[in-house]
Structures are given as C-alpha cells and as structure tokens.
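The following paragraphs guide the reader through a single structure. Please keep the sequence and the three-dimensional view at hand while reading.

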Amino acid sequence: MNEGFTLWFTGMSGAGKSTLGNLVADVLRKRGYRVEILDGDEVRTNLSKGLGFSKEDRDTNIRRIGYVCNLLARNGVIAISAAISPYREIRDEVRKAHKRFVEVYVKCPLEKLVERDVKGLYKKALKGEIPVFTGVSDPYEEPLNPELIIESDHESVEESLHKLLARLETLNLVSRNGVPR
C-alpha cells in the first residue's frame with residue numbers, strides 16, 4: 001500500500017483553496033491514488049456542527065480536520081484539507097502530528113477577494129455586518145514556511161495546478177506516471 005500524506009490548503013475565503021483542492025484531487029485519482037477532500041464548509045456542517053467562530057472554536061475545527069487527515073494519510077490516502085485555518089500556531093500543531101504534510105498557501109489580496117466575492121460576505125464584513133470575519137475583523141496569519149505559495153490573483157488555475165503537481169512530484173509524494181506498483 002502506498003503511503004498517504006496530508007495536503008493542507010490555507011488562505012482566506014475565496015482565495016481558491018477548494019477549487020485547487022478539487023482539481024488536484026481529480027488529477028491524482030486519475031493517476032490511481034486514493035484521495036479524500038475535507039472542505040472547510042462541509043466539515044463545519046458534518047463534523048463540527050455547533051461550533052461558532054471564536055478562536056477556540058476555530059482551533060477545535062482545525063484540530064478535528066487535522067485528526068481526520070492524519071487517520072486517512074496513515075491508511076494510504078492523500079488527505080486534502082481546504083479550510084481557511086487562519087491561525088499559524090494551530091496549523092503548526094497539526095503539521096507536527098503528521099508524518100508527511102504539505103502546506104499550500106493560496107495567497108490573494110483582500111481587494112481581489114472582495115471583487116471575487118459572489119456571496120457579498122466581504123462587503124458585509126467591511127461594513128461591520130459580520131462581526132468576526134477572517135482577514136477583515138479577525139486575523140489571518142500567513143504561513144512562514146509553506147511548501148508552496150500559490151498567488152491566485154495573478155496565476156491562472158491551470159498554472160497553479162501545474163505548479164502544485166510539480167511540487168508534489170519534486171517532494172517524491174506522487175509520481176507523474178501514477179501510483180508506483
């Protein structure tokens with residue numbers, strides 16, 4: 001059985017974490033890898049129901065995602081997390097619990113996120129209508145040493161995907177030709 005790993009996307013809401021996570025999952029599945037995605041919104045609905053958006057609740061949510069990713073990775077699955085995970089200390093705690101962990105920072109400036117925001121959440125947060133919103137009224141702490149930085153404001157999705165796959169291949173976590181036999 002192949003060894004799994006955790007692919008941890010972090011970045012602000014609307015930066016492109018889920019888009020890129022879903023695309024890389026599709027490519028890796030086609031190459032024969034077992035892949036599971038833990039999307040932040042889905043986890044909040046199914047695994048972290050009842051948690052709010054205080055720092056403590058956000059930390060609990062990220063620890064839960066990290067725990068599930070670790071279980072999957074230990075069992076030969078590529079576990080992909082696409083959650084904001086705004087606090088560096090908790091991301092680092094999750095990293096330490098994993099044998100193989102790749103942090104991908106999907107970076108995008110606030111102005112571009114506001115532009116992209118189809119739900120209007122940033123506009124509401126900037127007006128003070130949403131009291132605790134990451135990157136506006138609550139901090140987002142950028143990673144200090146991620147394995148990869150994706151700059152989604154000026155890279156195409158295809159460029160970002162290519163860059164990510166190349167990095168995973170360089171780290172010898174995946175093969176261009178698929179699952180080694």
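Asn 172 lies in the segment after α7. Its phi is near 60°, a positive value in a residue other than glycine. Because its relative accessibility is 64%, Asn 172 counts as exposed (buried means under 20% relative accessible area, exposed over 50% and partly exposed in between, with a 1.4 Å probe and protein chains only). The model is a predicted one, in which local features need pLDDT of at least 70 and side-chain atom pairs count only at pLDDT 80 or more, while totals for chains, interfaces and linings use all residues. Residues are numbered from 1 along each chain as its sequence is written, and side-chain values use heavy atoms, with hydrogens and water left out.

Ser 85 also has a positive phi in a residue other than glycine, here near 40°. Ser 85 is placed in the loop between β3 and α4, and at 2% relative accessibility it counts as buried. The element names follow DSSP runs numbered from the N terminus: helices are H or I runs of at least four residues, and strands are E runs of at least two.

The strands come next. Five of them form an open sheet with parallel pairing, in the order β2-β3-β1-β4-β5; two strands pair if DSSP finds at least two bridges between them. At the edges are β2 (35-39) and β5 (148-151), each of which pairs on one side only. On average, neighbouring strands of this sheet are turned by 20° against each other, direction ignored. Strand β1 (residues 5-10) runs parallel to strand β3 (residues 78-82), and five bridges join the two. Leu 7 stands opposite Ile 80 in β3.

Helices lie across these strands. Helix α7 (residues 157-170) lies across β1, β4 (101-107) and β5, running at about 175° to β5. Helix α3 lies across β1, β2 and β3, at about 150° to β1. Such angles run from 0 to 180 degrees between N-to-C directions, and axes are lines fitted to C-alpha atoms, for helices over the stretch in contact.

Helix α3 (residues 55-74) also packs with helix α4 (residues 88-96), at an angle of about 20° and with the axes 10 Å apart. The two helices are therefore roughly parallel, a term for angles under 35 degrees. Their contact (heavy atoms within 4.5 Å) is made by Asp 59, Ile 62, Arg 63 and Gly 66 of α3 and by Ile 90, Glu 93 and Val 94 of α4.

How values were computed: Angles under 35 degrees count as roughly parallel, over 145 as roughly antiparallel, 65 to 115 as roughly perpendicular and the rest as oblique.
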